[in-house]
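Please examine the structure shown below together with its sequence. The briefing that follows is arranged by topic.

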Amino acid sequence: QVANKKYSSRAEAKESALAEVLLKQHDDKDISMSVSKGHYINIGHIVRIDVPDSNVSGQYRIISKSINFNGSSVSCSFNLNKKPITLAEYL
């Protein structure tokens, strides 16, 4: 990990950190989850999943959201991934 390594200069540390961030952005996990809170959170916001499995735990961006009303109950689900936002998504 970048935080535990000693660097000879700030530039070397910056290059190492940038490389690690770019590698983590290529993580293509898509996660669907039902939630009991967070109905107000918008698409594009970042949520943190904290579970014992280190392959799943981390920060994810909400890419889609579904809220369903059924009688007196409300259910909400999110689709998440780690892909960075691109300009084309706003056009």
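Leaving aside neighbours within four places in sequence, Phe-78 is in contact (heavy atoms within 4.5 Å) with Ile-31, Ser-32, Met-33, Val-35, Gly-38, Ile-41, Ile-62, Ser-64 and Lys-65. This is a predicted model, in which local features need pLDDT of at least 70 and side-chain atom pairs count only at pLDDT 80 or more, while totals for chains, interfaces and linings use all residues. Residues are numbered from 1 along each chain as its sequence is written, and side-chain values use heavy atoms, with hydrogens and water left out.

**Strand pairing**
- Strands are DSSP runs of E with at least two residues, numbered from the N terminus, and two strands pair if DSSP finds at least two bridges between them.
- An open sheet of 4 strands has the order 1-4-3-2, with antiparallel pairing.
- Strand 1 and strand 2 stand at the edges with a single partner strand each, so one side of each lacks a neighbour in the sheet.
- Phe-78 in strand 4 is the bridge partner of Lys-65 and also of Met-33.
- Strand 3 and strand 4 pair over 9 bridges, whereas 6 bridges join strand 1 to strand 4.

**Hairpin**
- Strand 3 and strand 4 form a hairpin with 2 residues between them, and Gly-71 in the turn has a positive phi of about 65 degrees.
- Asn-70 stands opposite Ser-73 in strand 4.

**Nonpolar core**
- A nonpolar core is a set of buried (under 20% relative accessible area, 1.4 Å probe, protein chains only) Ala, Val, Leu, Ile, Met, Phe, Trp, Tyr and Cys residues joined through side-chain atoms within 4.5 Å.
- The largest such core has 10 residues, including Phe-78, Ile-31 and Ile-62.
- Strand 4 gives the most to this core, with 3 residues.

Notes:
Buried means under 20% relative accessible area, exposed over 50%, partly exposed in between (1.4 Å probe, protein chains only).
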